[in-house]
Amino acid sequence: MSQKIAILGSTGSIGTQTLDIVSQNPEDLQVVAMSCGSNLDLFETQIRKYKPSLVSVGTEDLAKDLKTRLSDIDIQIQYGMDGLIAVATSADADTVVTAIVGMVGVQPTIAAIKAGKNIALANKETLVTAGHIIMPLAKEKGVSILPVDSEHSAIFQSLNGERQNQISKILLTASGGPFRGRSYEELENVTIEDALKHPNWSMGAKITIDSATMINKGLEVMEAKWLFGVNLNQIEVVVHPQSVLHSAVEFMDGAIIGQMGTPDMRLPILYALFYPNRKTLYAEPLDLFKVGTLTFEKPDLETFYGLSLAYDAMDAGGNVPTVFNAANERAVAKFLHNKIKFLEIPEIVSEAMMNVDFISNPTIEQVLETEQMTYDFIESRWQ
Ligand code: NAD
Ligand code: MG
């Protein structure tokens, strides 16, 4: 019997690669629902190819446009947050792939868990802002949260058959991004184009900027804490420019177990969808002879202090990780619209963390309120 999947964000980098995995495994995977923001041309092509019965787009106008385009087929079309939740809770789906970007994914992910769906989680912002709600809820509902993020998939694979209480630390690898080795002053005038040039991975714009600031690694530290139940001081970021070792775990006896591979997101997607099985990935495997050398270095926390802010946010707890994430989302959007300079991204995050009211154990409503308070604070200072 094939596994039925719903995809939040099918037109993005993770979404399209998920569909590629579906195409490689037509007997085993079936797409029953999917959503996108606004790329209707690609979405229409995907719908005609994968034939889901329910789809959703960003706005009512886009939904009307899509209805006209698809007037020849029988399909349910929704929009907005209600549409995302409908896709996430689609009656037929066994697993929801959260390939949407940003904390807009929080409510649909929670709705999916409540509906008993397993989650293949790419949307790390969800765990960063609502991990304290999502992880206990998943446990209560008996659903799995399977990591799609490459580092977390590597950690998950390294933990197979091991005992939680025998982990000494997680070695979370980072490429260092396009600005590795530069000083703070040298980043003063970098452009959007410079920041979008990731050395090893081709990804959506937001996460590519997050990689350039290293805030992505900060989000991943928080994501790892929630997924693997370790303490913050057990997570060490290791800069590894070749992106071959995708992350590793060190155990109490000193053994380090890691996962290596080419930088291809389809591997972690495939692993999450077929866990605990492995399947053939139709792609070029890693050639260690071509790689030759692997190097490791400590992160430069002075230049890339956004990464330190993530540890501070997690240490502070409560709604501070939400403030960290929401401020970063807004700052990255402003940078991508040429409204602020690159170095203002961590500055905005830091200012927001100091200024937005603290809430100790936020409910989901308070997480969303915190998002709004963070946006209001930023608008009051940076137009
Ligand atoms: P992307 O920008 O390429 O795609 C995002 C998708 O979400 C698109 O389909 C878009 O239409 C949809 N979307 C965005 N905003 C929306 C909204 N408000 N309403 C409805 N739909 C909306 O992003 P991506 O690079 O694929 O990243 C997706 C998630 O996966 C992010 O959380 C990212 O951090 C994580 N991730 C990505 C990669 C990667 O290689 N791209 C690797 C690891 C983790
Ligand atoms: Mg990652």
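How do α4 and α5 lie relative to each other, roughly parallel or roughly perpendicular? Keep in mind that you're looking at a predicted model. In this model the two helices pack at an angle of about 30°, and angles under 35 degrees count as roughly parallel, so α4 and α5 are roughly parallel to each other.

- Helix α4 covers residues 80–88 and helix α5 covers residues 106–114, and their axes sit 8 Å apart.
- If you look at the handedness, the crossing of α4 and α5 is right-handed.
- On the α4 side, the residues that meet α5 are Met81, Leu84, Ile85 and Ala88, while α5 brings in Gln107, Pro108, Ala111 and Ala112.
- Sort that contact by class and you get 7 nonpolar residues, 1 polar and no charged ones.

- Asp149 and Glu151 are both buried.

**Leu232 in its loop**
- You'll find Leu232 in the loop between α10 (215–228) and β9 (235–239).
- Is Leu232 buried or exposed? Its relative accessibility is 14%, so Leu232 counts as buried, the cut-off being under 20%.
- Setting aside neighbours within four places in sequence, Leu232 is in contact with Val221, Lys225, Tyr311, Met314 and Asp315.
- Leu232 and Lys169 are 63 residues apart along the chain, and their C-alpha atoms are separated by 9.5 Å.

Methods: Residues are numbered from 1 along each chain as its sequence is written. Chains are lettered from A and ligands numbered from 1 in the order in which they are written. This is a predicted model: local features need pLDDT of at least 70, side-chain atom pairs count only at pLDDT 80 or more; totals for chains, interfaces and linings use all residues. Side-chain values use heavy atoms; hydrogens and water are left out. Axes are lines fitted to C-alpha atoms, for helices over the stretch in contact, and angles run from 0 to 180 degrees between N-to-C directions. Helices (H or I, at least four residues) and strands (E, at least two) are DSSP runs, numbered from the N terminus. Angles under 35 degrees count as roughly parallel, over 145 as roughly antiparallel, 65 to 115 as roughly perpendicular and the rest as oblique. A crossing is left-handed if the near helix is turned anticlockwise from the far one by less than a right angle, and right-handed if clockwise. Contact means heavy atoms within 4.5 Å. Ala, Val, Leu, Ile, Met, Phe, Trp, Tyr, Cys and Pro count as nonpolar, Asp, Glu, Lys and Arg as charged, and the others, Gly among them, as polar. Buried means under 20% relative accessible area, exposed over 50%, partly exposed in between (1.4 Å probe, protein chains only).
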